[in-house]
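This briefing goes through one protein model by topic. Keep the sequence and the 3D view open while reading.

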Amino acid sequence: MKLSLPPRIQKLIDERVESGRYKTPEDVVAAAMANLDQQESLGDFEPGEFEQLLDEGEQSGSPLDGEQVLAELRALRATGRAKAG
């Protein structure tokens with residue numbers, strides 16, 4: 001497949017390859033398509049489904065402290081690295 005890209009898009013692709021994050025322009029496009037696919041699939045709720053999920057979440061118990069959960073996850077990750085190293 002051959003594509004004609006606007007200069008602005010070509011520049012964005014080139015910048016990502018030059019940064020070293022991606023090896024080829026094809027890798028950049030593949031990552032962009034994966035991201036687009038994910039974004040498009042995240043918003044696929046049936047009418048009323050999102051509200052129902054929110055209600056279920058609110059009724060599932062006490063809320064967790066987000067900062068505490070993140071701290072615990074970071075500690076677990078650090079512990080895992082220490083064991084692997």
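A residue is called buried when its relative accessible area is under 20%, exposed when that area is over 50%, and partly exposed in between. K11 has a relative accessible area of 53%, so K11 is exposed. The model is a predicted one.

**Salt bridge**

- The count of salt bridges in the model comes to one.
- The partners are E15 and K11, and their closest N and O atoms are 3.7 Å apart.
- A salt bridge needs a side-chain nitrogen of Lys or Arg within 4 Å of a carboxyl oxygen of Asp or Glu, so the pair meets the cut-off.
- Both residues belong to helix α1, where they are four residues apart, which means that about one helical turn separates them.
- E15 has a relative accessibility of 37% and therefore counts as partly exposed, whereas K11, at 53%, is exposed.

**Largest pocket**

- The volume of the largest pocket is about 190 Å³.
- Two elements, α1 (7-19) and α2 (25-42), each give two or more residues to the lining of this pocket.
- The lining consists of I9, L12, I13, R16, R21, Y22, V28, A31, A32 and N35.
- By type, the lining residues divide into seven nonpolar, one polar and two charged.
- A31, one of the lining residues, lies in helix α2.
- The relative accessibility of A31 is 28%, so A31 counts as partly exposed.

- F50 counts as partly exposed because its relative accessibility is 41%.
- A residue can join a patch if its relative accessible area is over 30% and it has no salt bridge; the 41% of F50 is over that cut-off.

**Other positions**

- P47 sits in the loop between α2 and α3.
- With a relative accessibility of 79%, P47 counts as exposed.
- R77 is part of helix α4, made of residues 66-84.
- Because its relative accessible area is 48%, R77 is partly exposed.

**Distances between C-alpha atoms**

- P47 and K11 are 36 residues apart along the chain, and 40 Å separates their C-alpha atoms.
- R77 and V28 are 49 residues apart in sequence, with 28 Å between their C-alpha atoms.
- For A31 and R8, the separation is 23 residues in sequence and 18 Å in space, C-alpha to C-alpha.

Key
Residues are numbered from 1 along each chain as its sequence is written. This is a predicted model: local features need pLDDT of at least 70, side-chain atom pairs count only at pLDDT 80 or more; totals for chains, interfaces and linings use all residues. Side-chain values use heavy atoms; hydrogens and water are left out. Buried means under 20% relative accessible area, exposed over 50%, partly exposed in between (1.4 Å probe, protein chains only). On a 1 Å grid over the protein atoms alone, a cavity is a set of points where a 1.4 Å probe fits but cannot get out, and a pocket is an open set with protein on both sides within 12 Å along at least five of seven lines; lining residues have an atom within 4 Å of a point. Grid points are joined across faces, edges and corners, and a volume is the space filled by probe spheres set on the points. Ala, Val, Leu, Ile, Met, Phe, Trp, Tyr, Cys and Pro count as nonpolar, Asp, Glu, Lys and Arg as charged, and the others, Gly among them, as polar.
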